[in-house]
Amino acid sequence: MLVSLYRYNPETDNVPYMQDVEVELPEGKDLMVLDVLHMIKEDDVSVAFRRSCREGVCGSDGMNINGMNRLACVTPVSEVVKNNKLVLRPLPGLPVVRDLVVDMSIFYQQYERIQPYLINDNPEPAIERLQSPEDREKLDGLYECILCACCSTACPSFWWNPDKFVGPAGLLQAYRFLADSRDTATAERLDNLDDPFSVFRCRGIMNCVSVCPKGLNPTRAIGHIRTMLMQRTT
Amino acid sequence: MVKSVTNLGRTGAYDWLMQRVSAVVLALYTLFLTGFVLGSSDLDYAQWAGLFDQMWMRIFSLLALISLGIHSWVGLWTVTTDYIKPTALRFVIQAGCGLIMFIYLVWGVEILWGL
C-alpha cells in the first residue's frame, strides 16, 4: 500500500511536502492507521505524530485521513484506503508544528473561554451534589467528548474565524454545562455566548457531526444553545 | 463575548431572528406575487397598477423591501466577516453594501408611492 505522508520540519524545510512511502501490510490482518504510522516510523524515526492511548480515548491522534478527520488509532485501514492508497495530513486549519503534529492553542483557548467546569455558588453539601437520573441523562451525548479537535478543524466557520467562533467542540462542552442541573451560572454562560460570532457563526454545515469519532452531535447542542439564547431574549 | 459594532443588532440572537423573520416575509411576498402573476389570465398594466394602488399592497411591498435590506445585510455581513480579513477593506465593502441597500429602499418607496 502506498502512504502519502505530509512532511514538514520548520528547521529544515521551507515548505511542506508530501512523501510517498510504500508499506507492506501483513496478510489477513486489518491494521489501524496508527499501526501503519508506527511501521513507517520504525524505518524513519523523523516522522512526527501524536499518540497516547491507542484506543480512541485520549484524542491525541486526530488527523486528516484520506480527506476526512479521524482518529488514527480507531480507523481500520480497510475502511479508508482508496485504490491501495492512504493520504495522511495534519488536522486542517491549525498551524503545523511538525509533520502531523499541529499547534492546538487556539482550540484550547476557545475551550477555556466557555468555562468548562461546574460553577455552583451554593454551599457544598457534605457528600456530593445530587442529580436526578433524568437530569443526569441530559448530559449523555455531551460529556463523552475527548477534545480530539476532529470536529472543530473540519468546520469552515472555525477555519475562517477560529479566534471568534467557539467551534463545535467548545460549544458541545458549553451546552454540557448549560444543561447541567447542578450548574448555577447559566445566565452568565449565555451572556458570554450571545454575540454574532461565538455561537451564531455556526451555519449548520454539520461536518462536525459526520467526523466525530465518538458519534456525538455538536450541531444539535448548538441548536439547544441557540434556543436558550432565543428564549431569554424574545 | 466577542464585541462587534457592524452587525445588524447588538446580539447574535437578534441577527439570527431577524434573518429568519425577513426570510419568511420574502418567501410570502414571492409566493403571493408568483401566485398573482400565474393566477391572472392576460395580465395587463391596469391590473398590475391596480394591485399596487392598494394601500395593503404598498405596505406589504415596503415590508418586503425592508426585509430584503435586513436579510441581505445579515447575509453579506456574515460573508464579509468570513472572507475579507483586512479591516479597512471589509469596512469599505460593508459600507458600500449599506449604501446600496439604502438607495434601493428609498428608490423602492419612490416607485411604490409614485405609481
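**Entry 1**

I take two strands as paired if DSSP finds at least two bridges between them. The model I examined is predicted. I began with chain A, in which I counted nine helices and seven strands. Its C-alpha atoms fill a box of roughly 60 × 35 × 30 Å along the principal axes. I noted that 37% of the 234 residues of chain A count as buried. I then looked up the contacts in chain A between residues at least 6 apart in sequence, and 67% of these join residues at least 24 apart.

**Entry 2. The five-stranded sheet**

I traced an open sheet of five strands in chain A, with the order 2-1-5-3-4 and mixed pairing. Which strands form the edges? I found strand 2 (17-22) and strand 4 (68-71) of chain A there, each pairing on one side only. On average, neighbouring strands of this sheet are turned by 35 degrees against each other, direction ignored.

I next examined individual pairings. Strand 1 (residues 2-7) and strand 5 (residues 85-89) of chain A run parallel and are joined by four bridges. I recorded Lys85(A) in strand 5 as the bridge partner of Leu2(A).

Strand 3 and strand 4 of chain A also have four bridges, but in the antiparallel sense. Here I found Gly62(A) opposite Leu71(A) of strand 4. The hairpin of strand 3 and strand 4 of chain A has two residues between the strands. Within this hairpin, I noted a positive phi near 45 degrees for Asn66(A).

**Entry 3. A helix across the sheet**

I asked which strands helix 1 (residues 33-43) of chain A lies across. I listed strand 1, strand 2, strand 3 (62-65) and strand 5 of chain A. The helix runs at about 75 degrees to strand 1 of chain A.

**Entry 4. Pro92(A)**

I located Pro92(A) in the loop between strand 5 and strand 6 (96-98) of chain A. Why does Pro92(A) count as partly exposed? I found 16 C-beta neighbours inside 10 Å, and a residue would need 20 or more to be buried and 12 or fewer to be exposed. Leaving aside residues up to four places away in sequence, Pro92(A) touches Asn64(A) and Thr153(A). I also looked up the C-alpha separation of Pro92(A) and Asn64(A), which is 7.3 Å for residues 28 apart along the chain.

**Entry 5. Helix 3 against helix 6**

I examined helix 3 (residues 105-113) and helix 6 (residues 168-178) of chain A, whose axes come within 9 Å and cross at roughly 20 degrees. The two helices are therefore roughly parallel, because angles under 35 degrees count as such. I recorded the crossing as right-handed.

I then listed the residues that make the contact. Helix 3 of chain A contributes Gln110(A), Tyr111(A) and Arg113(A), and helix 6 of chain A contributes Ala169(A), Gly170(A) and Gln173(A). By class, I noted two nonpolar, three polar and one charged residues in this contact.

**Entry 6. Chain A against chain B**

How many residues does each chain give to the contact? I found 17 residues from chain A and 12 residues from chain B. On the side of chain B that touches chain A, helix 1 (12-39) and helix 3 (55-83) of chain B each supply at least two residues. The largest share of that side comes from helix 1 of chain B, with five residues. By class, I recorded six nonpolar, four polar and two charged residues on the side of chain B that touches chain A.

Notes. Residues numbered from 1 in each chain as written. Chains lettered and ligands numbered in written order. Predicted model: local features only at pLDDT ≥ 70, side-chain atom pairs only at ≥ 80, totals over all residues. Axes fitted to C-alpha atoms, helices over the stretch in contact; angles between N-to-C directions. Contact = placed C-beta atoms within 7 Å. Nonpolar A, V, L, I, M, F, W, Y, C, P; charged D, E, K, R; others polar. Parallel < 35°, antiparallel > 145°, perpendicular 65-115°, else oblique. Left-handed = near helix turned anticlockwise from the far one by under 90°.
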